[in-house]
Amino acid sequence: EGAPGGGTEIGPLGTSVVVAGSLFTLEAGADGTELKNLELHSAAQVQPTIATTGGEIDNVTIRGVHQVGLGPSHNPSTIASGLELGVPTDGWVVADSSFDSNYMGILVDNDTTDLAIVGSSFTRDRNGFYVERREPTAGSFIGEVDGLTMVDDEFIENQYRGMYFEGLSNAEIIGATVLLAGATAPAHPFGARGISFNLKAGDYENIKVIAAEVAESENEGISVQVRGSAGDSSAYQLHPATLDRIEITESTVIDNDGPGIVIENSTQLGTTTIGDSRILGNARDGIPTGDTASGIDAWDERDSAPTVNAANNWFGCNAGPLAAGSDCDTVNGPVHAAPWLVMTAAPE
């Protein structure tokens with residue numbers, strides 16, 4: 001525990017990249033550790049500021065910890081994470097903390113259960129929160145978060161993505177603010193999306209995005225892909241994924257330079273519900289290319305792809321997303337958007 005108000009600083013204050021270890025390394029047996037009220041500065045190449053090693057570590061709390069790295073905006077920059085969960089973990093809590101200027105703010109590349117990220121910020125990282133699905137031995141995959149609670153977190157000016165998930169089940173992302181994804185990147189080879197679900201090699205369930213604000217991304221606001229469909233590459237088809245349902249509700253998806261929400265609604269994806277949300281001011285020039293829509297772009301790969309349930313959303317004007325020539329954001333593909341919300345006014 002450091003002094004309240006950021007009085008305890010650890011790590012180099014300079015701008016030179018160093019070959020050094022992590023500031024904190026938690027080993028197997030460190031269950032119950034708490035890091036509190038610390039200002040952490042890292043200039044280490046490759047090594048995360050807070051690392052895990054050796055075996056499962058459970059019930060760790062990181063509270064009031066403010067971490068700053070040297071990348072990707074710094075020159076020279078480092079390829080390092082603020083926090084890396086590289087071993088199995090359970091019951092971790094990250095609260096009232098920040099991860100600024102890292103390659104990954106938080107990287108999860110092992111199996112994690114019951115992870116909570118509350119009231120924390122991820123600013124000017126390459127990717128803010130990143131879950132990587134890995135195959136350490138042939139046919140055996142790790143890198144899934146099962147049981148994720150994210151409440152009132154901010155993701156500001158991350159170069160590639162605010163949030164990115166390759167393995168995720170039983171998640172509630174509530175009250176997230178995701179702004180300007182990709183705005184500081186010189187180019188956008190890897191997304192520039194606010195929130196990206198790119199699920200691989202596993203069976204996943206029950207993902208909810210509630211009361212999020214996703215705005216001004218360089219490409220899509222929210223992207224949903226469940227890999228391994230018939231039109232996907234052979235590597236994904238060999239180890240396909242499924243997702244039973246995803247819900248995006250009570251959210252604001254506005255002014256993104258690609259479509260607001262893109263759904264690859266292949267047969268691996270079950271129920272998709274988008275409701276009670278404001279989807280407006282988004283552009284048509286997103287990924288994938290082709291006949292895209294500005295509001296919700298569902299690009300099915302087979303005629304049997306499931307329909308996206310997108311009733312009761314506001315698309316920016318009363319004419320609705322299906323009206324030709326209107327100023328509303330539009331929908332594409334098998335999207336059921338009626339009825340949509342309309343605005344009425346009356347004198348008192």
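**First stop: Ala 211**

Select Ala 211, which counts as partly exposed because its relative accessibility is 34%; buried means under 20% relative accessible area, exposed over 50%, and partly exposed in between, with a 1.4 Å probe and protein chains only. Ala 211 is found in the loop between strand S24 (207–210) and strand S25 (213–215). Helices (H or I, at least four residues) and strands (E, at least two) are DSSP runs, numbered from the N terminus. Ala 211 is not a glycine, yet its phi is positive, at about 55°.

Before moving on, note that this is a predicted model, in which local features need pLDDT of at least 70 and side-chain atom pairs count only at pLDDT 80 or more, while totals for chains, interfaces and linings use all residues. Residues are numbered from 1 along each chain as its sequence is written, and side-chain values use heavy atoms, with hydrogens and water left out.

**Glu 157**

Now select Glu 157, in the loop between strand S18 (154–156) and S19. Glu 157 is also not a glycine and has a positive phi of about 55°. Is Glu 157 buried or partly exposed? Its relative accessible area is 24%, so Glu 157 is partly exposed.

**Aromatic pairs**

How many aromatic pairs does a search of the whole structure find? The search finds five. Rings of Phe, Tyr and Trp (its six-membered ring) pair if their centres lie within 6.5 Å; planes under 30 degrees apart count as stacked, over 60 as edge-to-face and the rest as tilted.

Select Phe 99 and Phe 122. Their ring centres are 5.5 Å apart and their planes are at 15°, so this pair is stacked. Phe 99 is in strand S10 (residues 98–100) and Phe 122 in strand S13 (residues 121–123), so that the pair links distant parts of the chain, 23 residues apart. Both Phe 99 and Phe 122 are buried.

Next, select Phe 129 and Phe 165. This aromatic pair is tilted, with 5.8 Å from centre to centre and 50° between the planes. Phe 129 belongs to strand S14 (residues 127–131) and Phe 165 to strand S19 (residues 161–165); the two are 36 residues apart, and their pair links distant parts of the chain. Phe 129 counts as buried because its relative accessibility is 0%. Phe 165 is buried too, with a relative accessible area of 0%.

Not counting residues up to four places away in sequence, Phe 129 touches several residues, including Ile 106, Leu 115, Met 150 and Phe 165. Contact means heavy atoms within 4.5 Å.

**Arginines over rings**

Select Arg 126 and Tyr 160. Arg 126 lies over the face of Tyr 160, at 4.7 Å from the ring centre. A charge sits over a ring if NZ of Lys or CZ of Arg is within 6 Å of the ring centre and within 35 degrees of the ring normal. Then select Arg 161, which lies over the face of Tyr 164, at 4.1 Å from the ring centre.

**Arg 227**

Go to Arg 227, in the loop between strand S26 (222–226) and helix H1 (234–238). Arg 227 is buried, with a relative accessible area of 12%. Its neighbours in contact, leaving aside those within four places in sequence, include Asn 198, Asp 232, Tyr 236 and Gln 268.

**The disulfide**

Select Cys 317 and Cys 328, which are joined by a disulfide with an S to S distance of 1.9 Å; a disulfide is a pair of cysteine sulfur atoms within 2.5 Å. A search of the whole structure finds one disulfide. The link is left-handed, with -125° about the S-S bond.

**Last stop: cis peptide bonds**

Select Gly 71 and Pro 72, where the peptide bond is cis, with omega near 0°. Finish at Ala 338 and Pro 339, joined by a cis peptide bond with omega of about -5°.
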